[in-house]
Amino acid sequence: MNPPAGSHSQDPSTVHGALSGLRVVDLTGDEGRFATKLLTELGADVVRVGSGSPGLPLADPASAALGGVADWWYDGGKRRCRVDLSTAEGQAAYRRLAAAADVVVETERPGRLAELGLDHAEMSAVNPALVQVSITPFGRTGPRAHWLGSDLAAAAMGGMMALTGLADRPLNVWGRQAYNYAGFVAATSGVAAATSARLTGRGAHVDLSVHETVTGSIENLFMQYFFDDLLPLPKVAPRQGALHWLRAYDLAECTGGDGGYVMITPTPTPDLLLEWMISTGAGDVEKWLGLEPAELLGSVDEIMDAVRRWIRPQDAREVWWEAQERHIAFGGVLDIAEVCANPQFAHRGFLAVVLPPGAAAANGSQVSDRAASGQPGPVRVPSRLVRWSDAGRSGTVPPSPPASVDTPLDEVLASWEAPPTEARNGDTGSVAEAASSGHDDDRRPLDGIRVADFTWVLAGPSATKLLGDLGADVIRIQSEERSTIVNSPDFPYYFVWNRSKRSATLDMKHPDALTAARRLIETCDVLIENFSAGVLDSWGLDWETVHEWNPRLVYVTMSGCGHDGPWRHVISYAPTVHAVCGITHLTNFADRGDVGPGFSLNDHLAGYAAAVSTVGALYARERTGEGQRIDMAQLEVGTYSIGAAVIRQSAAVSLPSPEGNRDGIADHVPNEVYATDDGFVAVTVAEPAQWLGLVGLLADPRLDDPSLATESARRDRRSMIDAVLGEWAAGRTAAEAADALQEAGVPAGPVQSSHQLFAEDPQHAARGFWQPVDHAVFGERTVDAFAGLWNGRRWTPRHLSPAYLGEHNFEVWADAGYSPAEIAQGIGDGLFR
């Protein structure tokens, strides 16, 4: 049970989270609020001075006084301090805040802070350890730096909508996932840089591009494009509804019982599904029994068609659960009411009730009585991103309502009266030395951090890829037995998601494996894995044992549903999680139920969640001296990413349902994709000035109604506005439409394919986002870069993906104390294999 909420956010002196003591200035609009939400949840003292849309209003009038859905989701727990940068007084206030802060996260248009003398260059002169993370739609440099953005435009231009939707109907994933991606990377970068600043006294400026973040985080888009010479897949990946690029996952409709949809797949053990089908009388499937994975993929379309026919007359919920009992990774498509009633969430305390200011804690009957009497009602929210072993001291803090009153500037500064972050080595001298060493042009914030990477497929590798980009020495630990298809260095998938890592082999079935693992782990700062619950325990690498070996180790697990609870053994891949966590249900057109995300969105979200949690734990370790266990449930991460839907459900705000491309948090109008002469263009209007710009550009008499200046009026006439824009767009190319809209001050952008993003996107080209490389196995290829400029510099990969398993065995195991002869013997007898 959460303690009663106070009149505003929590007193920072009582907050004890991973980032306790970290002072953050939040100068963000909607594109950056998720980043500072993450920092707040981890215990940072975040003072919000920016502005953003409150979103859809809460139904309860007393709760609505605190703002709308967006305020409750993004700004709970933050302090609020009014700062108007357009005035001399506001500029002076900002200077005082930045001079005392550790981190600034801002989304001002490129150039504005410099014009006011408030940018990082000016503020670091008085606060050398200051970290500033600048989140902009396209980055601060390049020909499109001045373009306006929205989550819809970011998804369209960055590649998400190249894969999501139907061939003739691009669809955005519900919940502002483009902004979520950017928020995760911004928070991870900010915490990593702040950790480095504590050790070195030197801050950093991160010029983070939402556009680059999205383009670099879409599972197969560029694997197919860059490796079309090796893969039997189309070079430009298409939109194909829920069908996965491997074609082994898809949504199937059930007509029996209450109907519904099920995410079907023959994985992880195809024979189990085939034997089940045979036992129920399904014919002509015996021929696929016993096939090897490569042979199975050759017949996957026929197999999936057989499964669709077989499952159609059944009840969706019944067949889903019987499949799970048979160790088959089906997933039922749940709506948000069903998601909120998930017994796994109840067991793990994932959802929490937050009370508005002035409301006393109450039991269930008192909550009902309060609602009936018109008193402020409760709001239900995801309580945390991941679960920490030491949550109270160095993990997360309980959720709170958004601030109802402003905190005076002097009060904020008094609480920040300690001097700005100072370098201190303490017992981490080796890390500080590593962080300070090397050439300044390639100094990275996680230099000196070593990661034992026991991950596979995508969710885990995407986490360690980001940590490696930030400078960590990531050691990818595998065995030959588990390194098949996407987990093999000679498969393009592995190349895309395993850069910035070294490769070491270790067979955990070998009698000496546990000793070798211990010797390596004792040299590491982080262990991270994404196997099913219990796998590492069975190897002898459980948290309690490993913590005893290395008390400073941060131990990150990324299981599907968590390591405890009634669903701990549920088998889940990203498409399964999408179905069960609510993302699939919401990511649909109003007249469809079979679409959902067209790529493994949740694998990337889980990877980002692991990365930000890891750097948060490393920051906490500098204060506490100890590491801790981070227990991630990828199912929880999925629902967390649509947390605004949980708020809408609990607060009775137009209950969340499939809404196409509508923004489910604010419902901006227009916020839609329109067909053009050669493709599609995405258009958003979120501010009055943008509406006026659109009206002036279209010059259509149907829009000459002053009442349409209000968003509520535009919602009532959505169909008419969409019709006007659709007619206008139809006579232009997507590029022409986007250029004209941007010139008029309207956020817009074409829906871009992989080819357009690589060969035609002027912003990616100008900022050097694509990096040519020469790989030992694949030859001359292209990789994406880290999604921004660090101190004005574009980082290039320090390591490409390993060329073969065990490529760095002699280096890695030597660091663990083995002699060259012992390593050679270990390779020969199968230990290091």
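Biologist: How many salt bridges does a search of the whole structure find?

Modeller: A salt bridge is a side-chain nitrogen of Lys or Arg within 4 Å of a carboxyl oxygen of Asp or Glu. This is a predicted model, in which local features need pLDDT of at least 70 and side-chain atom pairs count only at pLDDT 80 or more, while totals for chains, interfaces and linings use all residues. Residues are numbered from 1 along each chain as its sequence is written, and side-chain values use heavy atoms, leaving out hydrogens and water. The number of salt bridges found in the whole structure is 64.

Biologist: Which residue meets Arg79 in a salt bridge, and are the two buried or exposed?

Modeller: The N to O distance in this salt bridge is 2.5 Å. Arg79 lies in strand 3 and its partner in strand 2 (residues 45–48), so the pair ties together parts that are 34 residues apart in sequence; helices (H or I, at least four residues) and strands (E, at least two) are DSSP runs, numbered from the N terminus. Both residues are buried, that is, under 20% relative accessible area, where exposed is over 50% and partly exposed is in between (1.4 Å probe, protein chains only). The partner of Arg79 is Asp45.

Biologist: Why does the salt bridge of Arg384 with Glu636 tie together separate parts of the chain, and how many residues apart are they?

Modeller: The closest N and O atoms of Arg384 and Glu636 are 2.8 Å apart. Both Arg384 and Glu636 are buried. Arg384 lies in the loop between strand 13 and strand 14, and Glu636 in helix 30 (residues 634–641), so the parts they tie together are apart in sequence by 252 residues.

Biologist: Which residue forms a salt bridge with Asp564?

Modeller: The closest N and O atoms are 2.5 Å apart. Asp564 sits in the loop between strand 19 and helix 27, and its partner in strand 14, 177 residues apart.
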